[in-house]
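Please read these points with the model open beside you.

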Amino acid sequence: MFAYISLTLGDTPRLSSFYLSSKVLLGLSGVMLVMLSVLGSVGFFSAIGVKSTLIIMEVIPFLVLAVGVDNMCILVHAVKRQPLELPLEERISNALVEVGPSITLASLSEVLAFAVGSFIPMPACRVFSMFAALAVLLDFVLQVTAFVALIVFDFLRAEDKRVDCFPCLKISSSYADSDKGIGGRRPGLLARYMEGVHAPVLSLWGVKIVVISIFIAFALASIALSTRIEPGLEQKIVLPRDSYLQGYFNNVSEYLRIGPPLYFVVKNYNYSSESRHTNQLCSISHCDSDSLLNEIARASLTPESSYIAKPAASWLDDFLVWISPEAFGCCRKFTNGSYCPPDDQPPCCSSDTGSCALSGVCKDCTTCFRHSDLNNDRPSTVQFRDKLPWFLNALPSADCAKGGHGAYTSSVELGGYGNGVIQASSFRTYHTPLNRQIDYVNSMRAARDFSSRISDSLKMEVFPYSVFYMFFEQYLDIWRTALINLAIAIGAVFIVCLVITCSLWSSAIILLVLAMVVVDLMGVMAILDIQLNAVSVVNLVMSVGIAVEFCVHITHAFTVSTGDREERMKEALGTMGASVFSGITLTKLVGVLVLCFSRTEVFVIYYFQMYLALVLLGFLHGLVFLPVVLSIFGPPSRCKLVEKPEDRPSVSLQP
């Protein structure tokens, strides 16, 4: 990046004067300013107690470097375009007048886009956006202050014929006298291409129709493709490629054939004999056909849509069977009314001798209830309250397999249950095997839809829970979060454009290009199978600010040019086209290409691939689509020709 900056800031290399015209020291100073802005952001947030993360240390320096170098190139190129017969201070002033508004607009848009990303609910991405927003803001402030001063010093060095990197060395050369006047400095190859080839080709009506048709078609295709973007973040891509956990996740996906446990939690279950809640929940005899457990069993018959693998294990069903007179080995009591365990458990059966004589201490135990004690095989409120703790503490054994200890110890919340209401209880089943992120999201959504339907049907509060829900909660509304943040970012950029340009026409065109870039980027995400998560949402929001750079400079140059739309489009490409390509597109490519060598897939996918796609889309929209749109629908010029007394026309900027 440093080598490219030094090369692109300097003049066309010539062996006789390269040591004077090169900008190595200026490029190094610009890179140092970018690093200072990053350190300032990290220092500020560290001072207020916000902790940085690994992603901040690894990505933000390259990101801010790719974003911040653009303005440096545009500033230097604008100064070099000024007539050399003017004093240096006037050249600097004219350059700031020429590109200052577009640089300010682009930088503020980037800051706003990063700031909007700080509202993402994922903490790591929120912190990343906060650090990046402040770093870009500090970089802009340093560029329009310190870097402008450094430009002055560097041009003074060159005019005083001092060697780059060694300004203490002064040599005798005719270089300073050989390039007097703007005509003495020959435009570069890229500038000549933009003015002599690129702009004339885009002026052809056949080319305009083809360009608009292709870009609109790709935008419509991207809208259709964006519906295929899956929410989630694969666990394997956040690990280094050579991590031993890569094999673990591959084996789990290939061989594991059981899903995570799923709990349906019922709140405020009224077990009193006057309530119908018991029959609305259970699945044994005399239970409602549309009870919770019966509905779970029916849902397990269609696992491909319900993601429920089997009927639920029910503490309520087992409890009702446990207290029934038919299960004579289960609910038993001594003559004094205390709990009597089954015959094959201590103290009825000695654990030391293994003797289980019928004549032992449990010979007088009787079943808890007779049929006449129960009402339609259901216990009364007092019976339910007294025997539920016995059931939850009863050990299962050969004589009574329905004991609830172990299987249902944590399934019932007994706190405050004495008033006839169990505040919370759960019924356990299992999800089907979940191998992809979309499976986890869909299973969670299906379970919630099922619980919502059951709650409305039974007039009881039922909600699902599984251990992975807390991690995938964000993906249920990730599309809504993404669209809201994108709308806020684009709206904020539109307002900034409107305030700075004072032109609704120009702002609307910029808004159109930004929306197309974002839509096309989402289409590329679908093509590359990039999932929608907090990281990609932040990238999409930031793409709004970064894409501004590709179009705002061309639009500003178009509005301050004179002539008809065709002439102004050609002039805008001739003056700013080369700067946008070399100072924005290529600098971002150099900064992003470094990330492709990362050992962690998350950096390659979500930062290299997405930012590479963004740079290419921004380049195509800014230097191909936008000039065509401006040549057809561009706003009127803000400049007018003013006749001077010596009959030479001059350009004046309209207020």
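Are Cys331 and Cys368 buried or exposed? Both Cys331 and Cys368 are buried. Here buried means under 20% relative accessible area, exposed means over 50%, and partly exposed lies in between (1.4 Å probe, protein chains only).

The model is predicted: local features need pLDDT of at least 70, side-chain atom pairs count only at pLDDT 80 or more, and totals for chains, interfaces and linings use all residues. Residues are numbered from 1 along each chain as its sequence is written, and side-chain values use heavy atoms, with hydrogens and water left out.

1. **Cys331 and Cys368.** The structure holds five disulfides. A disulfide is a pair of cysteine sulfur atoms within 2.5 Å. Cys331 and Cys368 form one of them, with sulfur atoms 2.0 Å apart. The torsion about their S-S bond is about -95 degrees, so this disulfide is left-handed. The pair links distant parts of the chain, 37 residues apart. Cys331 sits in the loop between helix 14 (315–323) and strand 4 (332–333). Cys368 sits in the loop between strand 6 and helix 15 (381–393). Helices (H or I, at least four residues) and strands (E, at least two) are DSSP runs, numbered from the N terminus.

2. **Cys348 and Cys362.** Their sulfur atoms are 1.7 Å apart, and the two form a disulfide. The torsion about the S-S bond is about -85 degrees, so the link of Cys348 and Cys362 is left-handed. Both cysteines lie in the loop between strand 5 and strand 6, so the pair ties together parts that are 14 residues apart in sequence. Cys348 and Cys362 are both buried.

3. **Cys282 and Cys287.** This disulfide has its sulfur atoms 1.7 Å apart. Its angle about the S-S bond is -115 degrees, and the link is left-handed. Cys282 is buried, at a relative accessible area of 0%. Cys287 is buried too, at 15%.

4. Cys551 counts as buried, at 1% relative accessibility. Cys596 is partly exposed, with a relative accessible area of 25%.

5. **Ser37.** This residue is found in helix 3 (residues 24–47). Ser37 is buried, with a relative accessible area of 1%. A polar atom of its side chain lies 2.5 Å from the backbone oxygen of Val34. A polar contact is a pair of N or O atoms within 3.5 Å; within protein, one must be able to donate a hydrogen and the other to accept it, and residues adjacent in sequence count only if both atoms are side-chain atoms. Leaving aside residues up to four places away in sequence, Ser37 touches Val64, Ala135, Leu138, Asp139 and Leu142. Contact means heavy atoms within 4.5 Å.

6. **Helix 5.** This helix (residues 88–117) has 30 residues. It reaches 41 Å from its first C-alpha to its last, close to the 44 Å expected at 1.5 Å a residue. The expected span is 1.5 Å times one less than the number of residues. Where does helix 5 kink? The kink, of about 50 degrees, lies at Val99, shortly before the proline Pro101. The bend at a residue is the angle between axes fitted to the seven residues ending there and the seven starting there.

7. **Helix 16 and Lys459.** Helix 16 (residues 437–458) has 22 residues and should span 32 Å at 1.5 Å a residue. Its end C-alpha atoms are 32 Å apart, which agrees. Lys459 is not a glycine, yet it has a positive phi of about 60 degrees. Lys459 is exposed, with a relative accessible area of 68%.

8. Most residues other than glycine have a negative phi, and most peptide bonds are trans. Asn268 has a positive phi of about 55 degrees, although it is not a glycine. It lies in strand 3 (residues 261–270). Asn268 is partly exposed, at a relative accessible area of 43%. A cis peptide bond joins Pro346 and Pro347, with omega about 0 degrees. Pro347 is in the loop between strand 5 (339–340) and strand 6 (366–367).
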